[in-house]
Amino acid sequence: MKGNAMISCLHTKDRTINQTLQAFFVQVLEKKAADAVLVSAQVADGASVKPCLISHPDHMHHTVPLGPAFFVNTGRMVSRLTWKPSGKKTAVWLRPCEIKAFVELTKLSQASRDEVIILGMDCPGALSREDYDRFAQQEKTDPVAQEEWIRNRYSDPGNTIAGFTPARACQVCDAPWPVNADVSVLLFGSDLDRTINLKADTPKGEAFLSELQLDEGQKPDTRKSVMQNIGTENANAFQAMDAQIQEQTGSMEKLHRFFTACINCYNCRNVCPACYCRECVFNTDVFVHQPFQYHQWAGKWGQVHLPFDTVFYHMTRMAHIGTTCVGCGQCTLACPSHIPLADLFISVSRNVQAAFGYTPGKDDADPLPLAVFQEAEFAEIVGMGDGEAT
Amino acid sequence: MQNDVMSSDVMRNEALGNDVSDNQATGNEGTGSRVTGKNSTQRAAPDVFEPVLIAFVCNWCTYTAADLAGTSRLVYPDNVRLVRVMCTGMVDTQYVIKAFLEGADAVLVSGCHPGDCHYLNGNYKARRRIKLLKQILPRFGIATQRLRLTWIGASDGIQFARTMTEFAAEIKKMGPCQTRLQQVM
């Protein structure tokens with residue numbers, strides 16, 4: 001689908017970006033291009049924004065397609081809609097990291113692309129939960145300023161706009177633009193006073209756009225350079241974060257300190273779209289220890305903290321999801337103890353993914369690294385020699 | 001301090017030594033400070049570091065090799081605690097991590113040679129998991145030499161004893177793993 005991909009446009013004239021997109025979704029339903037749209041919306045008129053499956057145009061005005069709220073990785077929710085056929089076609093509106101998460105889940109047979117059309121957006125980034133609360137408060141009093149915030153994220157995505165800085169995971173995101181979507185929504189470098197352009201990336205996306213009979217659009221001229229700037233900026237931010245977190249967790253002692261605030265609530269696991277086990281080993285009694293065992297540990301180290309197995313839990317999660325972590329940062333957003341989990345997990349998983357030459361979500365045909373093997377590989381890690389890579 | 005690695009539910013598994021009487025004699029204490037060798041009854045000075053090595057060995061190859069080493073009366077250091085698994089392909093990363101966190105100084109995963117796996121390809125899967133762990137553990141100060149993967153076939157009793165001796169000597173030289181000295185759980 002490269003080269004002469006079909007591009008359509010939406011006119012934003014006299015409307016906010018979100019109003020334009022809402023009208024687009026209404027059109028999708030009215031022209032029956034899909035039976036329902038999955039898009040973030042304000043729930044019960046509160047400030048909380050969650051993915052909603054909307055099948056009636058009347059409910060579209062609650063939706064917040066673009067905004068800094070990121071309560072749930074929607075990719076994981078799409079798996080709930082597609083783990084087996086529903087007989088319905090759904091247009092799903094996803095951030096880039098949500099697409100990646102969804103694609104990874106399809107590889108685990110926990111989701112399917114068959115009945116969905118993925119609409120991927122150039123991502124404005126997300127705020128931490130605390131910052132979002134502040135943002136929502138301000139939005140009530142000054143909706144125009146917030147529209148400006150979103151627009152600014154696209155025209156000149158500096159890290160801080162009007163006092164709001166995106167979450168760390170977003171600052172270091174390696175691809176805040178859609179990869180592997182059916183339709184890409186091109187917002188970077190767009191003249192948002194005039195149009196939003198939609199590009200078909202797959203035949204399915206092209207059929208979808210054709211059905212809607214939208215006006216012809218074009219690629220924003222400056223999108224590429226804006227993307228390049230973001231790429232460079234985020235890569236630098238990642239380098240800095242990586243160095244900082246390695247310094248902060250460079251030994252087991254430091255790692256232990258990093259996790260001291262962990263209360264084993266498992267929120268990070270529950271929100272993680274890459275944590276794929278149907279039943280987590282930490283929910284089973286595999287690591288339910290005997291009471292005398294705690295006394296033995298206390299005897300061995302002089303003391304033992306409870307809850308136990310906090311570092312163990314996080315290291316196990318690192319090993320389990322290292323190859324598929326999509327870097328969405330939900331773990332940090334969900335941590336009640338404010339541990340910057342995503343900093344560590346993103347840093348570790350990029351290292352793991354580089355070792356396997358794997359980029360999660362990039363290509364449906366790339367198998368999960370731990371689901372396959374080759375006969376001749378990684379010879380350097382076998383044996384007692386020192387020739388192995390560190 | 002040195003003996004509790006074996007005590008967790010996960011790690012509780014028979015330790016196969018080359019002389020059973022020694023294992024019984026030492027019971028639950030002092031295994032870490034015992035001088036190695038078949039006839040060793042004397043104890044080393046308490047401040048001499050004796051590493052604890054956990055070896056996950058597959059039933060069909062490396063465990064059989066250990067058995068062969070035993071019946072051949074080959075000597076290898078009793079620092080090594082064998083955990084018999086049906087296949088290295090079932091050694092989940094969490095068991096290796098748990099072993100380190102409970103104070104193991106090193107972990108070995110050892111199975112059949114490529115192509116010899118009783119379950120066709122479990123050892124290839126193990127190799128990917130070890131690769132994965134080697135990308136993670138060194139970032140937290142667990143040196144990559146503390147985690148080894150070897151292929152030791154059922155008839156390689158001599159190689160088994162030699163590998164264990166080499167491994168124990170190397171780790172002894174490196175000194176204790178940080179997790180052994182203080183609680184990191």
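Start by selecting A:Arg113 and A:Asp182, which form a salt bridge with the closest N and O atoms 3.6 Å apart. This pair links distant parts of the chain, 69 residues apart. A:Arg113 sits in the loop between H3 and strand E5 (116-121) of chain A. A:Asp182 sits in the loop between H6 and E6 of chain A. Keep in mind that this is a predicted model.

**Stop 1**

How many salt bridges does the structure hold over all chains? The total is 22. In general, side chains of opposite charge can pair when their charged atoms come close.

**Stop 1: the two domains of chain A**

Now colour chain A by domain. Domain 1 covers 7-226 and domain 2 covers 230-372, according to the domain assignment. Their centres, taken over C-alpha atoms, are 28 Å apart.

Select the residues where the two domains touch. Domain 1 of chain A brings 36 residues to the contact, and domain 2 of chain A brings 36 residues. Together the domains bury about 2,900 Å², with 53% of that on carbon and sulfur atoms. The interface between these domains has 2 salt bridges. Polar contacts between domain 1 and domain 2 of chain A come to 17 residue pairs, both residues at pLDDT 80 or more.

Which elements of domain 1 of chain A give two or more residues to the side that touches domain 2? Select helix H3 (96-107), helix H4 (129-141) and helix H6 (168-171) of chain A. H3(A) gives the most, with 7 residues. On this side of domain 1, the residues divide into 20 nonpolar, 7 polar and 9 charged.

**Stop 2: backbone details in chain A**

Go to A:Asn180. It lies in the loop between H6 and strand E6 (183-186) of chain A. A:Asp182, from the opening pair, is in the loop between H6 and E6 too. Check the backbone of A:Asn180: phi is near 70°, a positive value in a residue other than glycine.

Next, select A:Tyr266. Look for it in the loop between helix H9 (252-258) and helix H10 (267-271) of chain A. Phi of A:Tyr266 is near 65°, again positive in a residue other than glycine.

Then move to A:Leu306 and A:Pro307. A cis peptide bond joins them, with omega about 0°. A:Pro307 is in the loop between helix H11 (291-301) and helix H12 (310-321) of chain A.

**Stop 3: across to chain B**

Select A:Asp309 and B:Lys98. They form a salt bridge, the closest N and O atoms being 3.0 Å apart. The rule finds 4 salt bridges across the interface of chain B and chain A. The polar contacts across that interface number 21 residue pairs, with both residues at pLDDT 80 or more.

Which three residues supply more of the area that chain B buries against chain A than any other three? Pick B:Arg128, B:Arg139 and B:Gln183, which supply 18% of that area.

**Stop 4: the disulfide**

Finish in chain B with B:Cys61 and B:Cys112. A disulfide joins them, S to S 2.4 Å. Over all chains, the structure holds 1 disulfide.

What does the pair tie together? B:Cys61 lies in the loop between strand E1 (53-58) and helix H2 (62-71) of chain B, and B:Cys112 lies in the loop between strand E3 (106-111) and H4 of chain B, so the link ties together parts that are 51 residues apart in sequence.

Terms used. Residues are numbered from 1 along each chain as its sequence is written. Chains are lettered from A and ligands numbered from 1 in the order in which they are written. Side-chain values use heavy atoms; hydrogens and water are left out. Buried area is the accessible area (1.4 Å probe) that two parts lose on being put together, summed over both. A salt bridge is a side-chain nitrogen of Lys or Arg within 4 Å of a carboxyl oxygen of Asp or Glu. A polar contact is a pair of N or O atoms within 3.5 Å; within protein, one must be able to donate a hydrogen and the other to accept it, and residues adjacent in sequence count only if both atoms are side-chain atoms. Domain bounds come from an automatic or database domain assignment. Contact means heavy atoms within 4.5 Å. Helices (H or I, at least four residues) and strands (E, at least two) are DSSP runs, numbered from the N terminus. Ala, Val, Leu, Ile, Met, Phe, Trp, Tyr, Cys and Pro count as nonpolar, Asp, Glu, Lys and Arg as charged, and the others, Gly among them, as polar. A disulfide is a pair of cysteine sulfur atoms within 2.5 Å.
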